[in-house]
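Hi there,

Here is the structure I promised to pass on. Have a look at it first, and my notes on what turned up follow below.

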Amino acid sequence: MNKPRSPRSPILRDKNFRWLLSGGVISGFGDHFTMIALPWLVLTMTGDPLALGAAIAIMSVPRAVFMLVGGALVDRYSPKRVLMLTKYANAALLGALAGLVLFAPALLSLPLLYALALGLGLAQAFAIPSGTSIMPQVVPPEHLQAANGAMMGMRQLTMLAGPVIAALLIALAGDGSTAATHGAGHAAGAAPHAPAGALGIGLAFAFDCFTFLFTAWTLVQVRMRAAAAPPAGAPQSIFSSVAEGLLTVWRDVALRTCFIYWSLVAVFVGGAMQVALPLLASQHLHGAGSLGILSGAHGTGMLLGMALSSAGVKLRFGGFGATLLAIDAIVALLLAPLGAITATWQGAVLLLLAGTLAGFMQIAVFTWIQGSVPPRMLGRAMSIFMFIFMGLAPLSAAAIGALLKVITLAQLFVGGGALLLAISALAWMLTPMASIGAGGLRAER
């Protein structure tokens with residue numbers, strides 16, 4: 001008698017999905033090389049934290065603003081087509097960065113670096129909605145959750161290994177710090193430029209450039225399923241298309257309820273945690289080493305939760321909405337005591353548990369959105385979702401510094417946990433969110 005196949009085996013046997021998975025993993029791995037190399041390059045050029053903040057802002061703010069436009073273009077031209085163009089754009093920008101650092105460091109000025117960072121941020125604004133909306137056009141609906149679990153789990157794995165390997169490459173091959181220490185790049189009266197001896201930084205950019213070219217080739221091998229036909233008539237303007245996406249989400253009770261809930265969580269809790277964890281490590285634990293352990297514990301938990309979800313493990317407290325609210329309430333109770341810990345291992349345990357629950361729920365959230373939104377609107381819906389967490393949370397993080405002048409770090413963690421618990425409780429009592437996916441309320445198609 002044949003044994004029943006596991007829920008994930010059909011999707012892993014799908015050659016089309018394997019091409020998409022391999023490309024996503026390799027591209028994600030390469031992304032972390034740039035995430036490590038770019039900040040370090042700015043610091044070796046200038047030695048100025050303000051310049052580093054400016055570079056990050058130049059990348060992140062346009063990325064958040066143009067993400068909604070990216071979602072509209074994805075729905076108009078298909079996620080595969082837009083994603084392919086972003087790969088070529090990223091490869092060109094990273095190739096230019098690598099060439100300047102390796103062969104012409106004197107030509108790489110700070111304004112030019114800012115311009116290249118702006119280009120990378122804009123490319124991400126179009127890559128993110130295309131990458132998050134392509135899956136339903138690659139795999140059958142019945143395999144969507146398993147496919148999301150496999151893809152996001154592997155991307156989470158690259159978040160653990162990528163930064164470590166990138167840092168080793170830069171440190172061993174040359175990070176330019178010796179030249180920067182002796183004044184190269186930011187001597188008094190001199191315009192900052194890329195330091196000599198930065199072979200590792202240049203190789204990191206070159207490797208990420210290669211990953212984009214390689215994954216453009218793997219994307220060519222992916223065969224898309226038939227997509228919904230575009231509506232008849234003259235094509236909309238991009239801004240009209242963005243407005244239509246916002247209205248689609250707003251008019252649907254289930255989507256509107258969830259997106260408002262996620263916005264509140266991002267503004268009042270997500271931004272605070274981005275600031276609180278580094279401060280916890282620096283003020284109460286053992287500095288960067290503790291931060292690495294805390295981040296690694298949370299990342300490991302996310303990976304574990306995604307693996308459990310992909311393997312078909314069920315964790316339900318009713319329907320989708322009720323489960324989401326219940327898990328957020330549990331996470332709130334795990335975050336609240338972080339400010340009172342006295343040892344790194346205590347925080348690691350709390351964040352491991354919180355990460356496991358968050359990773360498990362993340363698969364369900366992506367799958368629910370992909371299954372609830374009409375295919376022709378999916379790019380715009382995913383861009384709105386990603387804007388919430390990549391646009392609103394960083395903006396709220398900017399206000400936390402001022403808040404910490406009047407409250408302690410322990411109070412910030414307790415307050416963040418209490419706010420998350422209150423938001424989830426109020427959503428349960430005052431909105432129809434708890435009935436979503438339980439037969440009472442469904443997103444309209």
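H12 crosses H15 in a left-handed sense. Please keep in mind that this is a predicted model. The two helices, H12 (residues 320–335) and H15 (residues 409–430), pack with their axes 8 Å apart and at an angle of about 160°. Angles over 145 degrees count as roughly antiparallel, so H12 and H15 are roughly antiparallel to each other.

Which residues make the contact? From H12 come Ala322, Leu325, Asp328, Ala329, Val331, Ala332, Leu333 and Leu335. H15 brings Phe413, Gly417, Leu420, Leu421, Ser424, Ala427 and Trp428. Sorted by class, the contact of H12 with H15 has 12 nonpolar residues, 2 polar and 1 charged.

Now to the nonpolar cores. The largest one has 62 residues, and those touching the most other members are Phe259, Tyr261, Trp262, Phe320, Trp368, Ile369 and Phe385. Several helices supply at least two residues each to this core, among them H3 (49–77), H9 (238–251), H11 (288–310), H13 (344–372) and H14 (378–403), along with H12 and H15. Which helix gives the most to this core? That is H10, with 12 residues; H10 spans 253–284.

Conventions: Residues numbered from 1 in each chain as written. Predicted model: local features only at pLDDT ≥ 70, side-chain atom pairs only at ≥ 80, totals over all residues. Heavy atoms only, no water. Axes fitted to C-alpha atoms, helices over the stretch in contact; angles between N-to-C directions. Helix = DSSP H or I, 4+ residues; strand = E, 2+ residues; numbered from the N terminus. Parallel < 35°, antiparallel > 145°, perpendicular 65-115°, else oblique. Left-handed = near helix turned anticlockwise from the far one by under 90°. Contact = heavy atoms within 4.5 Å. Nonpolar A, V, L, I, M, F, W, Y, C, P; charged D, E, K, R; others polar. Core = buried A, V, L, I, M, F, W, Y, C linked by side-chain atoms within 4.5 Å. Buried < 20%, exposed > 50% of the residue type's maximum accessible area, 1.4 Å probe, protein only.
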